[in-house]
Amino acid sequence: MAPKADGVEQVAVEQNSSTNDESMEPHWKQGDRVHAQWRGNGCYYLATVNEVYAAKRAVLITWDDEDGSHREISFDNIMEPAEETQAWNTKRIDRRVNVQDTPDKGRCLYTNEAIEPGQVVFVEKPCLLALPGSSRNLWNHLAELHAATPLQLGAVRFYFGALLSELRLDQPSIDIMLDKFVLDPDEEPGDDVVRIMQSIEENKELKEELKLDERPLDPRKLQRLVSAWRYNSFGHHKEDGLVLYNRISMCSHSCDPTCCWSYGEDDAFVLRSRISLKKGDELTISYLQDEDLLKSTAVRQQKLQNWRFTCACPRCKLYVDEGRGFRCRKCRVGVLYATTGSTLEPCRVCNSVPSPDETQMLIHLEEEYVTRVESLDKTDVPDVERVYIAALDIFERHWILYVMDTMLWEAAKEKNIVDSMMEHQRRRIDFHEHYYCRPTFILAWCREEFGDCLNANMPNRKWQCTQEYQRAYQMLAILCGTNHQYTAGPYNKLWQVNGAAEAAKEASKKEGEGGST
């Protein structure tokens with residue numbers, strides 16, 4: 001049996017120790033939600049029990065991702081989902097956190113107690129899931145409208161969420177939606193809302209499904225709901241839809257967020273502390289993807305214009321942007337870092353300062369390279385390599401190099417070019433830890449994949465492989481907990497590497513004993 005992550009192994013041990021006691025045998029039943037071990041890699045995944053084979057001490061399950069393999073699971077390799085993935089009730093959440101009005105950011109969320117890194121802050125159920133299958137007719141209707149004349153927000157999801165709120169929610173729940181942040185609370189109905197309402201009125205089947213005769217649509221209210229979904233919802237992690245939460249929507253953005261999150265049972269939002277927090281500290285998350293946190297301040301702030309604000313977090317207030325490094329023109333060893341004032345810091349090796357003309361030239365080159373890198377086709381590997389090699393002569397510890405290192409690592413991995421794969425992965429790790437040292441899923445997976453490469457290609461460097469898996473596990477334990485399937489991956493690999501090392505040591509010992517006899 002493959003090993004389990006912390007907290008998981010103990011459960012299995014307790015179950016194994018009770019096999020002689022019939023009353024202690026787990027009593028699974030059809031429909032139970034469980035974590036089950038998939039024999040393909042020894043990791044635990046969410047599943048639902050279909051049938052119970054008591055005599056065989058096994059169950060037949062259906063995996064959440066609908067994979068059809070390894071569906072019969074022994075009682076020893078199955079357990080209840082961790083409590084930390086199940087939604088808390090409102091009173092429990094309110095004991096842990098509070099909402100405060102701030103003069104510069106509006107309503108924000110704060111902790112009522114000290115919290116350690118990786119500890120669950122709270123787990124919240126969705127107010128509403130707006131998925132295509134929730135109302136296929138409505139989704140298809142909006143998609144046809146968008147195909148005929150594109151909607152201003154570029155997709156149907158926000159309009160769908162607003163209409164689904166009217167269709168599915170009671171008035172108290174709609175009031176929660178209407179209380180969400182919007183840029184203009186008194187916004188007049190836009191052309192899209194008017195057009196959508198008219199088209200629904202003309203569609204008899206859809207009008208009946210939405211029960212518009214009983215609950216007529218108010219254009220101003222619908223516009224407010226559209227904006228509430230636009231500024232407060234999250235993209236669903238599996239389908240082309242949205243999900244909106246209540247307390248979570250009060251979390252402000254930071255490019256150095258105090259919290260991280262993952263999904264729990266029934267799309268619950270599991271909020272964890274990324275760092276050590278004191279009572280009264282603000283709870284922040286990143287509205288950006290992890291990869292965007294590794295881009296320059298200017299790029300991050302531009303992306304955040306989707307939410308109509310300019311980020312003023314501690315990272316964005318830094319005068320020197322250490323994700324925009326230029327190779328020193330004098331010593332060719334040190335690095336010149338750009339500032340928010342369009343100047344360059346002195347070289348950190350030779351202390352030389354570039355002239356105004358040199359600075360202007362380098363900043364201009366940077367703009368050209370950013371445009372070039374953003375237009376790269378990662379499948380055109382020779383072109384990526386040409387740009388990368390040229391950029392290495394100008395930049396050092398620059399985010400555009402990280403972007404190209406990622407492209408070239410993926411290309412090398414696909415063709416199993418080990419030297420190239422390891423070098424680009426090493427550079428990705430170095431830049432991430434230089435520019436943003438907090439745990440992220442990207443950094444954890446970089447460490448895990450680097451360990452995989454070492455394990456497969458450098459058998460005498462097990463010590464380094466072990467370190468990579470340990471670091472990956474420790475970061476993922478903070479990001480999503482010790483019982484999560486992501487965390488089980490590096491934990492199991494670490495166990496296997498250590499087990500193989502011990503087996504090799506034992507075999508070597510026996511050979512030595514045989515030679516001496």
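In the predicted model, helix α10 (residues 356–374) packs with helix α11 (residues 381–392) at an angle of about 160 degrees, the two axes lying 11 Å apart. Because angles over 145 degrees count as roughly antiparallel, α10 and α11 are assigned to that class, and their crossing is left-handed. The contact is formed by Tyr-369, Arg-372 and Val-373 on the side of α10, and by Asp-383, Val-387, Ala-390 and Ala-391 on the side of α11. Classified by residue type, this contact of α10 with α11 comprises 5 nonpolar and 2 charged residues, with no polar ones.

Across the whole structure, 18 aromatic pairs are found. One of these is formed by Tyr-245 and Phe-269 in an edge-to-face arrangement, with 5.1 Å from centre to centre and 70 degrees between the planes. This pair links distant parts of the chain, since Tyr-245 lies in the loop between β11 (242–244) and β12 (252–253), whereas Phe-269 belongs to strand β14 (residues 269–273), 24 residues apart. Both Tyr-245 and Phe-269 are buried. Phe-269 also pairs with Trp-261, here in a stacked geometry with 4.7 Å from centre to centre and 20 degrees between the planes. Trp-261 counts as partly exposed because its relative accessibility is 25%, while Phe-269, at 0%, counts as buried. Ring pairs join Phe-234, Tyr-245, Trp-261, Tyr-263 and Phe-269 into a cluster.

Ser-134 is located in the loop between β9 (128–130) and α3 (136–148). Leaving aside neighbours within four places in sequence, Ser-134 is in contact with Leu-129, Phe-160, Leu-164 and Arg-168. The C-alpha atoms of Ser-134 and Gly-241, 107 residues apart along the chain, are separated by 9.8 Å.

How values were computed
Residues numbered from 1 in each chain as written. Predicted model: local features only at pLDDT ≥ 70, side-chain atom pairs only at ≥ 80, totals over all residues. Heavy atoms only, no water. Axes fitted to C-alpha atoms, helices over the stretch in contact; angles between N-to-C directions. Helix = DSSP H or I, 4+ residues; strand = E, 2+ residues; numbered from the N terminus. Parallel < 35°, antiparallel > 145°, perpendicular 65-115°, else oblique. Left-handed = near helix turned anticlockwise from the far one by under 90°. Contact = heavy atoms within 4.5 Å. Nonpolar A, V, L, I, M, F, W, Y, C, P; charged D, E, K, R; others polar. Phe/Tyr/Trp six-rings, centres within 6.5 Å; stacked < 30°, edge-to-face > 60°. Buried < 20%, exposed > 50% of the residue type's maximum accessible area, 1.4 Å probe, protein only.
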